[in-house]
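Please look over the sequence and the three-dimensional structure shown here before reading the briefing that follows. The points are grouped by topic, so that each can be followed in the structure.

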Amino acid sequence: MPIDRRSLMAAPLALGLASLAKAQTPVPQVPGGSLPPGLPQPSETIDLWPGGAPGSPAKPLVETVQERSTDRLVTDRAVFGISRPRMAVFRPDRPNGAAVLITPGGGYRWVVVDKEGYEMGRWLAARGFTAFVLFYRLPGEGWATGPNVALADAQRAMRLIRHRARDFAIDPERVSAMGFSAGGHLCADLSTRFDAKAYEPVDAADTLSARPHSAAPIYPVISMTPPDAHPGSRDLLLGKTPTPALEAAHSPHRNVPTNAPPFFLLHAEDDEVVPVNNALLLRAALKDKRVRVETHLFEHGGHGFGLRKSIGKPVEAWPELWRAWARTTGLAL
């Protein structure tokens with residue numbers, strides 16, 4: 001019996017459990033039952049920090065999975081209390097030599113690993129890309145590096161992917177970044193502040209560049225200044241009363257270097273959560289620095305559509321638009 005398209009996009013979250021992973025944790029069960037068998041799962045998990053994540057909170061965190069879906073066939077899990085930042089790897093059957101680091105959204109409150117992580121990982125792997133879904137630390141949970149904690153994880157992830165490129169049959173020069181909502185902010189932050197010193201080097205991987213080959217922030221949080229800022233992301237990233245200097249330091253459109261990678265921007269104009277002007281501000285800043293940027297605006301789509309909520313709407317075309325653009329950058333050959 002064929003599995004419907006919505007079911008194919010969903011899969012159980014194998015947090016910390018993979019056949020090749022050195023460290024394993026129990027698999028969280030889906031409330032109310034499990035999904036149809038046979039859906040692709042991550043082949044491996046990679047811990048980012050060999051000696052544990054630096055700057056731990058005074059009170060130990062408890063990693064927690066919250067299931068937000070009421071449909072037993074579609075999981076929508078959000079994870080918080082992440083003290084073991086890591087990447088879940090989706091290997092393609094026939095690697096095309098390119099990789100994508102995925103940073104799911106969640107307003108910096110949690111990491112939405114199904115809708116904006118695993119589903120995209122499976123889509124990419126089915127088309128030859130090796131996908132790495134990042135479980136990044138959350139800045140509001142007491143980490144010593146504060147607003148830079150997620151950036152530190154993203155930089156470290158990019159360097160580790162390059163360091164292990166041969167293990168995954170990928171070209172270390174063809175490692176891109178893609179992020180959604182607050183994860184789009186992290187994607188843009190990484191792609192504009194890849195040279196920022198967000199952490200102290202720990203091994204040989206940290207001699208490599210953290211600059212992505214290309215970047216795709218999807219309905220991204222960009223500005224940290226009202227009225228364009230997403231209030232929840234701003235508060236958790238910067239605190240309730242950030243200074244103008246702190247807002248500027250963490251607004252990617254205000255930190256674009258001349259050697260930023262090419263960008264693919266996507267937003268729906270009826271987004272009521274993150275105003276479309278966030279994407280437009282970044283586009284203008286990239287244009288000002290003469291950085292390549294392709295921008296797609298859709299009349300309808302709302303916020304957080306990912307793959308599953310785009311079905312049946314014009315915005316459904318977005319992944320193939322990204323793939324066609326990726327070919328022009330040399331990511332997808």
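**Strands and how they pair**

Strand β2 and strand β3 (residues 77-80) run antiparallel and are joined by four bridges. This is a predicted model, and its protein chain holds eight helices and 11 strands. The points below begin with the strands, go on to the helices and the loops, and end with the chain taken as a whole.

- An open sheet of three strands, with antiparallel pairing, has the order β2-β3-β6, and its edge strands, β2 (64-67) and β6, each pair on one side only.
- The parallel sense is found between β10 and β11, which pair over six bridges, and here Leu 266 stands opposite His 296 in β11.
- Together with helix α7, the strands β10 and β11 make a right-handed β-α-β unit.

**A buried residue in a strand**

- Ala 88 is found in strand β4 (residues 86-90), and Ala 88 counts as buried because its relative accessible area is 1%, which is under the 20% cut-off.
- Not counting residues up to four places away in sequence, Ala 88 touches Pro 42, Glu 44, Thr 45, Tyr 118, Ala 131, Phe 132, Val 133 and Phe 135.
- Ala 88 and Leu 134 are 46 residues apart in sequence, while their C-alpha atoms are 6.7 Å apart in space.

**Helix α8**

- Helix α8 (residues 318-329) has 12 residues, which at 1.5 Å a residue should span 16 Å, and the 17 Å between its end C-alpha atoms agrees with that expectation.
- Which residues of α8 are buried? They are Trp 318, Pro 319, Trp 322, Trp 325, Ala 326 and Thr 329.
- Seen down the axis of α8, these buried residues fall within an arc of 125°, so they line one face of the helix.
- The buried residues of α8 pack against the helix α2 (114-125) and against several strands, namely β5 (99-103), β8 (175-180), β9 (215-218), β10 (263-268) and β11 (293-298).
- Just after α8 comes Gly 330, which takes a positive phi of about 90°.

- Helix α3 (residues 149-163) has 15 residues and reaches 21 Å from its first C-alpha to its last, close to the 21 Å expected at 1.5 Å a residue.
- Most of α3 is covered, since 14 of its 15 residues are buried.
- Ser 191 has its place in helix α4 (residues 182-192), and Ser 191 is buried, with a relative accessible area of 0%.
- Leaving aside its neighbours within four places in sequence, Ser 191 is in contact with Ala 177, Pro 212, Ala 215, Ala 260, Pro 261 and Phe 263.

**Backbone details in the loops**

- Tyr 108, in the loop between β5 and β6 (111-112), has a positive phi of about 60° although Tyr 108 is not a glycine.
- Is Tyr 108 buried or exposed? With 2% relative accessibility, Tyr 108 counts as buried.
- Arg 290, in the loop between α7 (277-288) and β11, also has a positive phi of about 60° without being a glycine, but Arg 290 is exposed, with a relative accessible area of 81%.
- The peptide bond from Pro 226 to Pro 227 is cis, with omega near 5°, and Pro 227 lies in the loop between β9 and α5 (231-238).

**The chain as a whole, and confidence in the model**

- Of the 333 residues of the protein chain, 58% count as buried.
- Among contacts between residues at least 6 apart in sequence, 79% join residues at least 24 apart.
- The protein chain averages a pLDDT of 89, and 88% of the residues score at least 70.
- Over residues 1-37 the pLDDT stays under 50, and for these residues the model has 92 contacts beyond four places in sequence.
- Where pLDDT is low, the predicted coordinates should not be read in detail.

Note on methods:
Residues are numbered from 1 along each chain as its sequence is written. This is a predicted model: local features need pLDDT of at least 70, side-chain atom pairs count only at pLDDT 80 or more; totals for chains, interfaces and linings use all residues. Side-chain values use heavy atoms; hydrogens and water are left out. Helices (H or I, at least four residues) and strands (E, at least two) are DSSP runs, numbered from the N terminus. The expected span of a helix is 1.5 Å times one less than its number of residues. Buried means under 20% relative accessible area, exposed over 50%, partly exposed in between (1.4 Å probe, protein chains only). The arc is that of the directions from the helix axis to the C-beta atoms. Contact means heavy atoms within 4.5 Å. pLDDT is the predictor's confidence in each residue, from 0 to 100. Two strands pair if DSSP finds at least two bridges between them. A crossover is right-handed if, with the strands pointing away from the viewer, the path from the first strand over the helix to the second runs clockwise.
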